Amino acid sequence: MFYHHKYLLCFLLFVSQWGFAICQDNRAYDIACLRTHYAKPTAQWQPPTIDEGVNWTELAPITHTPAPSTPLTELGKSLFFEKALSSNQTIACVSCHDPDHAFADPRTVSLGVFDRQGKRNSQSLSYLGLDAPTSHGFFWDGRANTLDEQVLIPLTDPNEMDITLDSVPTRLVSAGYLPKFQAVFGEHLADIDISQVAHALTTYLHTLTPTPTRFDDFLNGDPTALTDTEILGLHLFRTKARCMNCHFGQALTDNQFHNLNQTLAGRKWQDFGRYANTDNPSDFGKFKTPSLRNLSVSKPWFHHGLFVNLRGVVAIYNRGMPLPPTKDAPPIAHEDHLDPLIKPLGLSADEMDALTAFLMTL
Ligand code: HEC
Ligand code: HEC
């Protein structure tokens, strides 16, 4: 009787901590069982391990058929590639948002006009056409409230394109854009307005989608599209590794801001994220959750671009993102700001390998 209760208690603890553990005997996984489970439509999958209060949605394939190109999206695209919008005519949006790298930049930090260095890694833009929770702002720190507001900021940033907004119409007219704007906004148009530039860029960005991968084939019903290891990685992503607390839905982001102890306080690349704009201590070190779609080509990762090894990223998540010792850091950086959704995970080396393999399929 005594033993009976003890086992029952263990079972309950196990269930409450990890959700219903499926396809598992002691610590060994039954891969054939996981395969059968995840071959089902996503609506029949076991719910992921998610803390209370998180408003998650299930993973989903990229179904979005690219919006047909219109004169407006074509105009936005040519503006995105237009170097005349920089002070020395060498930098366009595309210089730091490379279509071959999920519209991110393979360099740790991007270089703007005259090789000036910014302090953050360029963000991938290819998720902007996907269904994602309403964004609470753009940039790693959310300082732009809307995409219309965001797209004009790189133009005036001294480390990026370094021009004045007033000069934009003249620059575009000299580069022969007036007829293109007239074709979209009406033949009577005498001059280009900056809000039309923003509207065209935003409309183009909303047509971007990540390149579908084997993971999409799997979600669309091809059970052979993922290997056994990758299926175990998918299972861990949804359960024991807790990733779906923040990376969920079609775009694999909650579009929220979290502190993952990545401020590098007291070091050269110190960056306090959202706090620098809001001055609200509860925003200290918070950065926007990036989409994990096409992750294998959007490297390097995180706002600082200092992570280049995906297995290493998984390993620090596994350790619960310990705060590195800080030198010369202000007092606020010594307080505990780590997001409560981040916890040590207890993944084995094999489990970390499987999770890494799965991430590469996204
Ligand atoms: C010199 C490099 C550079 C140039 C040029 C550049 N960007 Fe960026 N872009 C970045 C970096 C770096 C970030 C992240 C900056 C931050 O968080 O402070 C970023 C962020 C963004 C974001 C935010 C994405 C999100 O998910 O929040 C958008 C949208 C964007 N850029 C669009 C553009 C457009 C449109 C242009 C051209 C008008 C442009 N960028 C030009 C480097 C650049
Ligand atoms: C508490 C929310 C949260 C959880 C849980 C979480 N992440 Fe993240 N993830 C983030 C945020 C926020 C960033 C950006 C942090 C930064 O740049 O400082 C990020 C960045 C990443 C990046 C870098 C992507 C890029 O393009 O730069 C990867 C890869 C990643 N997470 C994978 C994972 C994996 C794997 C798990 C599960 C083990 C996980 N995340 C769990 C919020 C979370």
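**Two ligands and their surroundings**

In this predicted model, a nitrogen atom of ligand 2 lies 2.9 Å from an N or O atom in the side chain of histidine 247. His247 also belongs to the residues that come nearest to ligand 2, together with Cys243, Cys246, Phe302 and Tyr317. Phenylalanine 302 makes a contact through its backbone, where an N or O atom is 2.7 Å from an oxygen atom of the ligand.

The ligand itself sits in the largest cavity.

Ligand 1, for its part, sits in the largest pocket. Helix H4 (93-96) and helix H5 (147-150) are the elements that give two or more residues to its shell. The shell has 25 residues, of which Cys93, Cys96, His97, Tyr127 and Phe139 are the closest. Sorted by class, 14 are nonpolar, 7 polar and 4 charged.

Ligand 1 holds an iron atom, and the single protein donor to this iron is NE2 of His97, at 2.1 Å. Histidine 97 is found in the loop between H4 and H5. Oxygen atoms of ligand 1 also meet the protein: one is 2.9 Å from a polar backbone atom of tryptophan 140. Side chains take part as well, with an N or O atom of arginine 143 at 2.9 Å from a ligand oxygen and a polar side-chain atom of lysine 288 at 2.9 Å from an oxygen atom of ligand 1.

How values were computed. Residues are numbered from 1 along each chain as its sequence is written. Chains are lettered from A and ligands numbered from 1 in the order in which they are written. This is a predicted model: local features need pLDDT of at least 70, side-chain atom pairs count only at pLDDT 80 or more; totals for chains, interfaces and linings use all residues. Side-chain values use heavy atoms; hydrogens and water are left out. A residue is near a molecule or strand if one of its heavy atoms lies within 4 Å of it. A polar contact is a pair of N or O atoms within 3.5 Å; within protein, one must be able to donate a hydrogen and the other to accept it, and residues adjacent in sequence count only if both atoms are side-chain atoms. On a 1 Å grid over the protein atoms alone, a cavity is a set of points where a 1.4 Å probe fits but cannot get out, and a pocket is an open set with protein on both sides within 12 Å along at least five of seven lines; lining residues have an atom within 4 Å of a point. A molecule sits in a cavity or pocket if more than half of its atoms lie within 2 Å of its grid points. Helices (H or I, at least four residues) and strands (E, at least two) are DSSP runs, numbered from the N terminus. Ala, Val, Leu, Ile, Met, Phe, Trp, Tyr, Cys and Pro count as nonpolar, Asp, Glu, Lys and Arg as charged, and the others, Gly among them, as polar. Donors are N, O and S atoms within 2.8 Å of the metal (3.2 Å for Na, K and Ca); water is not among the atoms, so sites may look incomplete.
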